[in-house]
Amino acid sequence: MSQKHAVYVKPKQETWKTVVGIVLALVSVFYMMPIIVVLYNSFKTNASINLSAFALPNSETFVGFSNFVNGVMSGQYPFYQSAGYSLYITIVSTALIIVCTSMAAWYIARVDDAFSKIVYYLCVFSMIVPFQMVMYTLSRTANRLHLDTPWLIPIVYLGFGAGLAVFMFCGFVKSIPLDIEEAAAIDGCGPIRTFFSVVLPMMKPTLISVGVLEIMWVWNDYLLPYLVLDRKRFMTIPIHIEYLRGSYGHVDMGATMALIILSIVPIIIFYLTCQKHIIAGIAAGVVKG
Amino acid sequence: MKRKALARRPGTVNSRLIRRPIQRMFFLFLLPTFAAFCIGFLYPFLHGIYLSFCKFTTPSNAKWIWFDNYARALRDPGFRHAFWYTALVAVVSLILINVLAFTVAYLLTRGIRGSNFFRGVFFLPNLIGGIVLGYIWRLIFDALLPQSIVLVTSFGYWGLITVLCWQQVGYMMIIYIAGLMAVPEDMIEAAKIDGASGWQTLTHITIPTVMPSITICTFLTLTNSFKLFDQNMVLNEGRPFLFTATGEQIHTTEMLALNIYNTFYQNSNSRGVGQAKAVLFFILVAVIAILQFRLTHRKEVQQ
């Protein structure tokens, strides 16, 4: 592509590109400013945060990592607990959604009887229902069935998140040629073996797309766990951050800044490791729409 | 394209070899998801519709009152204000986000050095959840503005717009980049050879070709704004409050989702009204979604 371009590109256009590059670099710095400000405030004393939030830390106001240590370890409800629950809920929910809905989608696409069709269309329908529509009744139902602990809340996530996942997996299964599964069946594979050793490996791209979507949803979700979980005993990271905001002024601001940074770090790591899949997943998911 | 995939010719799936053995495994393959779906969606949804016709503080004391909740919801000045406020946020953020995202995407597909890095920077805020993101901006605004963001209605409005742009420009940019990459290279080259200026190429070739992306992004930003909750709650809490002549309280920066939430949980006597509002909200969001489906699929046929 660049070679083809070289025929038409004039030196004048190259300077234009440099200028735009510099402008974009400046814009990028401004774009990251909110995060940068919170980052350097997390190394400052409480007094200097309240006095001048935009001032960089100096030798007097710099406190090293003590805000981080305080934030994570102390308080009525230490942050490491919230982080642990967030991590557990995200991993288990995503795994559960991927395994269960891919199996369900295969059943729906291959059996294709009246009941499967009904389930499929209900799943499609559920995608357009906003959470506020079910928030009260869902939290009630979850409480009555004792799904209000981090250990069992993945079932609620599976239920509310099934729609999109089933829809995406069904779209993919329908594009898999049947011959492969027929060959497996002729060779004596039962449905379980066919699914796990033949169908599932072929689904890999969709598995990754669905996985990325679910991780981003569950990790950042606030209202569902807030309403479903027993608040006094269990918090997730978003609930913890909102709790700190609610007690604005009464909490250690330095520690709060540190905790905000700590809740962004996993996201940045996640982005850097899965960048390709995240970008591809968004582009593919939307184009198929 | 999708319809073709759905209307499978009868007999394509080998019944004896594939369909029946899978069907026998119903309990393993479909039942777990279906059971969870009933708990997590189907029952709460139907129960929610039922409760929207009832007066209740808990589901056990629900009393059927027909359309009273709906009448009260539609008469509620706070709910009406939230609707128009949401629409205003949605329209302004829609225009700003799409113009900015398209501009950035256009520049980043011109082969500028460091494009990958810039793409990452603009996309990153999208991965941060609404609560953390809203709180970061709350802290920034409180340090930056002469008065707290919860005290001035216009601060709350432009604050929300800023946060929405910051969060979504990167996401829409990714979609536009994918669209722009799909513009055929030879078409652009042909236009250049024919003597078209950069602007003419953009308006006559690039934009018409990425029209599907524009439709998708328009609707995505629209639904995102209508469903917005976390950022609204954290950034300005619907404040400042205003009292009407009749003594009713209006939360001046409250959007629909937050209005519904507050109706439910600030006063247990108005839960029926809250559920009726939620049903109306669902219908509104569903209409937008169906409109989007219609439009995007018509576009596909034309291509």
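**Close-up views of chain B**

**View 1. Helix α6(B) passes helix α9(B) in a right-handed crossing.** The model shown is predicted. Helix α6 of chain B spans residues 77–108 and helix α9 of chain B spans residues 153–181. Their axes come within 7 Å and cross at roughly 45°. Two packed helices are described by the angle between their axes and the distance between the axes.

**View 2. Residue classes where α6(B) meets α9(B).** The contact of α6(B) with α9(B) has 21 nonpolar residues and 3 polar residues.

**View 3. Chain B is divided into two domains, domain 1 (17–70) and domain 2 (75–302).** Taken over C-alpha atoms, the centres of domain 1 of chain B and domain 2 of chain B are separated by 31 Å. Domain 1 of chain B gives 10 residues to the contact, and domain 2 of chain B gives 9 residues.

**View 4. The side of domain 1 of chain B that touches domain 2 of chain B.** Two or more residues each are given to this side by α4 (31–51), β1 (54–55) and α5 (68–75) of chain B. The largest share, 3 residues, comes from α4(B). By class, the residues on this side of domain 1 of chain B comprise 5 nonpolar, 4 polar and 1 charged.

Technical notes:
Residues are numbered from 1 along each chain as its sequence is written. Chains are lettered from A and ligands numbered from 1 in the order in which they are written. This is a predicted model: local features need pLDDT of at least 70, side-chain atom pairs count only at pLDDT 80 or more; totals for chains, interfaces and linings use all residues. Domain bounds come from an automatic or database domain assignment. Two residues are in contact if their C-beta atoms, placed from the backbone, lie within 7 Å. Helices (H or I, at least four residues) and strands (E, at least two) are DSSP runs, numbered from the N terminus. Ala, Val, Leu, Ile, Met, Phe, Trp, Tyr, Cys and Pro count as nonpolar, Asp, Glu, Lys and Arg as charged, and the others, Gly among them, as polar. Axes are lines fitted to C-alpha atoms, for helices over the stretch in contact, and angles run from 0 to 180 degrees between N-to-C directions. A crossing is left-handed if the near helix is turned anticlockwise from the far one by less than a right angle, and right-handed if clockwise.
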